[in-house]
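User: I am new to this structure. Please take a close look at one part of the chain and walk me through it.

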Amino acid sequence: MIPLDAFGSESVAADLLQQVRWRDGVSCPRCHSDRTAVLNHCKA
Ligand SMILES: [Zn+2]
């Protein structure tokens, strides 16, 4: 386990994880938007 304190906050850690996972670019699987940083952006 990596201590969350290493990232400063959970949100930062999550952001870093996203960058690692989708470093080649990411699009929403539902609407193919690149605004995946916005949670539930296409919920409606
Ligand atoms: Zn979407």
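Analyst: First, a term: helices (H or I, at least four residues) and strands (E, at least two) are DSSP runs, numbered from the N terminus. The model is a predicted one: local features need pLDDT of at least 70, side-chain atom pairs count only at pLDDT 80 or more, and totals for chains, interfaces and linings use all residues. Residue numbers start from 1 along each chain as its sequence is written.

The part to look at is the segment after helix H1 (10-21), where Val26 sits. His32 is in the segment after H1 too, and Asn40 is also found there.

Next, exposure. A residue is buried if 20 or more other C-beta atoms lie within 10 Å of its own, exposed if 12 or fewer, and partly exposed in between; C-beta atoms are placed from the backbone. Of the 44 residues of the protein chain, 0% count as buried.

Start with Val26. Val26 counts as partly exposed because it has 15 C-beta neighbours inside 10 Å. Leaving out residues up to four places away in sequence, Val26 touches Asp34 and Thr36. Contact here means that the C-beta atoms of two residues, placed from the backbone, lie within 7 Å. Val26 and Thr36 are 10 residues apart along the chain, and their C-alpha atoms are separated by 7.4 Å.

Now His32. His32 has 9 C-beta neighbours inside 10 Å, so it counts as exposed. Cys42 is 10 residues from His32 in sequence, and 9.8 Å away in space, C-alpha to C-alpha.

Last, Asn40. With 6 C-beta neighbours inside 10 Å, Asn40 counts as exposed.

The backbone angles deserve a look. Phi of His32 is positive, near 65 degrees, and His32 is not a glycine. Asn40, also not a glycine, has a positive phi of about 60 degrees. Most residues other than glycine have a negative phi.
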